[in-house]
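Subject: Handing over a structure

Hello,

Here is the structure I promised to pass on to you. Please open it first, and then read on for my notes.

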Amino acid sequence: MKRCDRSPVWAELQAHYAASGRGFDIRAAFAADAGRFGALSFEAPEVFADLSKNRVDVPTLALLLKLASDCDLGARRDGLLRGDPVNTTEGRAVLHTALRAPAGSAAPCNAEVQASLDAMLAFAESVRRGERGDITDVVHIGIGGSDLGPAMVVQALQAFGRRDLRLHFVSNVDGHDLAPVLAGLDAKRTLFVIASKTFTTQETLANAQAAKAWFLAAGGTDIARHFVATSSNTAAAAAFGIDTAFGFWDWVGGRYSLWSVIGLPIAIAVGADNFRALLAGAHAMDQHFATAPLASNLPVLLGLLDIWYRNFHGFTSRSVAPYHQGLRRLPAYLQQLEMESNGKGVDLDGNALSLGTSPVVWGEAGTNGQHAYFQMLHQGTDVIPVEFIAVKRSNHGVSGELAEKLADQHRKLLANCLAQSQALMQGKTAAEALTEKAPTASATLDREVLARHRSFPGNRPSTTLVLDALTPRSLGALIALYEHRVFVTGALWGINSFDQWGVELGKALCNQLLPRLDSGDTAGLDGSTAGLLTRLVAA
């Protein structure tokens, strides 16, 4: 596949950016085109997307789509979906889409996937039915993709869970993560899920060993009954004392693993039917990505918008603001999905890239973010595109007067979401600020100076994604949308989005430094590391 910056269309886009893209004004675009919203809004399974508040127009999208075609994006997508070894540095296929394909489909490894899924869901249902004892608490121990995905989904689908079954997630090797989770738990009513493909992950095993010690000290006696593993290293799990382990394949990448047996805590929390609905929503988005024309293919369009902003406008960051408390962990999940996938500096041939790759992805649930970092979004010196996620209908699971109050709060939530994207686009001129009263302003400050403080530049871009409701199916579709979007940008940059060599160096150095924290030996270390180690081990 051709790298995007080596396509002749790249030069066309550079000329287009210089002529009209750099000075593009979203407000003027709306004033000139009454049909802008309709032309730049798109539907995909479970997700509606409004791209009209972005610094793009139909000609810009046409050039970006021309770039995608010239770089054979469709062929690269097809190779991913049929199981080509697109993870070239590890010689592996990338088949997370096969994990959510229905039984009997032509997806690769379908029979094996369905057998694994059926076994995992049967176990989850046995826990929910009380067949492993009166389990009231499930403690999931993992890190990275083995933690972020399941933790995010369980929070998001809390309305579909059982109140008598509590899920806890521990990932940090810092004991301050594990200790408060264990405090107050009853060992005889607690199930531990240890998630590690190789059963060698340092942080996960440290927490697992500590949990095992707590379990035995608290009166627990049956490790095999109260500990289960999602790991392919059944021998290591057995040595730990676990006799129930659900394995998976090397083509299941960590940040794409929630669809596999790594999703066991999700299945325990919401049940087999809801887990299958999560898979069905993702599969529907897979089908959209596979079959929709590029011009109406939502993952493709979002990926092209990312290219436009990162490589032409030079925006280095994107904020994600989900206006639903259930999605509060989505920004953290997307940080790994995007930055671990596309935070690369060389292309598939190992050549250094001369263009920017992954932006910094960050955010917070609305309305909390409005009272934290939105000040910078509106008036700061950097332009940061924002991605709003709105959910049309709430699902609080209450009735009576409280339901009425919460329904009113949901209207306020949606109004805030709409207002923030509107404010980012519209801004406020100093002349407009002069006409307003500012009760908290200093009475001695010059009015013109105050107006400059209270003006907003506007023309700050945003995308709004809308779900009708937050359900297992819609959440599955939303997550798959982001997965495919990340693939699109990585494919156009010509990088491998499915390895993560950048994680390895720190792990190796940690293993070298760990014994030095006991011995105090600083021989051969750089001055800073030696000084810090000495400081940390000093009595």
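How much of the contacts in the chain with a separation of 6 or more comes from residues 24 or more positions apart? Such residues account for 75% of those contacts. Before you go further, please keep in mind that this is a predicted model.

Let me begin with the chain as a whole. Its secondary structure comes to 23 helices and ten strands. A compact globule of 539 residues would have a radius of gyration near 24 Å, and the chain agrees with that, having 25 Å. Taken along the principal axes, the box filled by its C-alpha atoms is roughly 75 × 60 × 60 Å. Of the 539 residues, 51% count as buried. The chain exposes about 23,100 Å², and 54% of this is supplied by carbon and sulfur atoms.

Four strands make it up, in the order 4-3-5-6 and with parallel pairing. Strand 4 (166–170) and strand 6 (227–230) are the edge strands, each pairing on one side only. On average, and with direction ignored, neighbouring strands of this sheet are turned by 20 degrees against each other. Helix 8 (residues 175–182) packs on the sheet, where it touches strand 3 (137–141), strand 4 and strand 5. The direction of helix 8 makes about 160 degrees with that of strand 4. Between strand 5 (residues 190–195) and strand 6 there are four bridges in the parallel sense, and A195 stands opposite T230 in strand 6.

If you follow the chain on from strand 5, look for F199, which sits in the loop between strand 5 and helix 9 (202–217). F199 is not a glycine, yet its phi is positive, near 55 degrees. With a relative accessible area of 4%, F199 is buried, as this is under 20%.

S41 has D50 in strand 2 as its bridge partner. Two residues lie between the strands of this hairpin, and E46 takes a positive phi near 75 degrees there, although E46 is not a glycine. Is E46 buried, partly exposed or exposed? E46 has a relative accessible area of 34%, so it is partly exposed.

You will find T367 in the loop between strand 8 (360–363) and helix 16 (374–379).

Key:
Residues are numbered from 1 along each chain as its sequence is written. This is a predicted model: local features need pLDDT of at least 70, side-chain atom pairs count only at pLDDT 80 or more; totals for chains, interfaces and linings use all residues. Side-chain values use heavy atoms; hydrogens and water are left out. Two strands pair if DSSP finds at least two bridges between them. Axes are lines fitted to C-alpha atoms, for helices over the stretch in contact, and angles run from 0 to 180 degrees between N-to-C directions. Contact means heavy atoms within 4.5 Å. The radius of gyration is taken over C-alpha atoms; the globule rule is 2.2 Å times the number of residues to the power 0.38. Buried means under 20% relative accessible area, exposed over 50%, partly exposed in between (1.4 Å probe, protein chains only). Accessible areas come from the Shrake-Rupley method with a 1.4 Å probe; for residues, only the protein chains shown count as cover.
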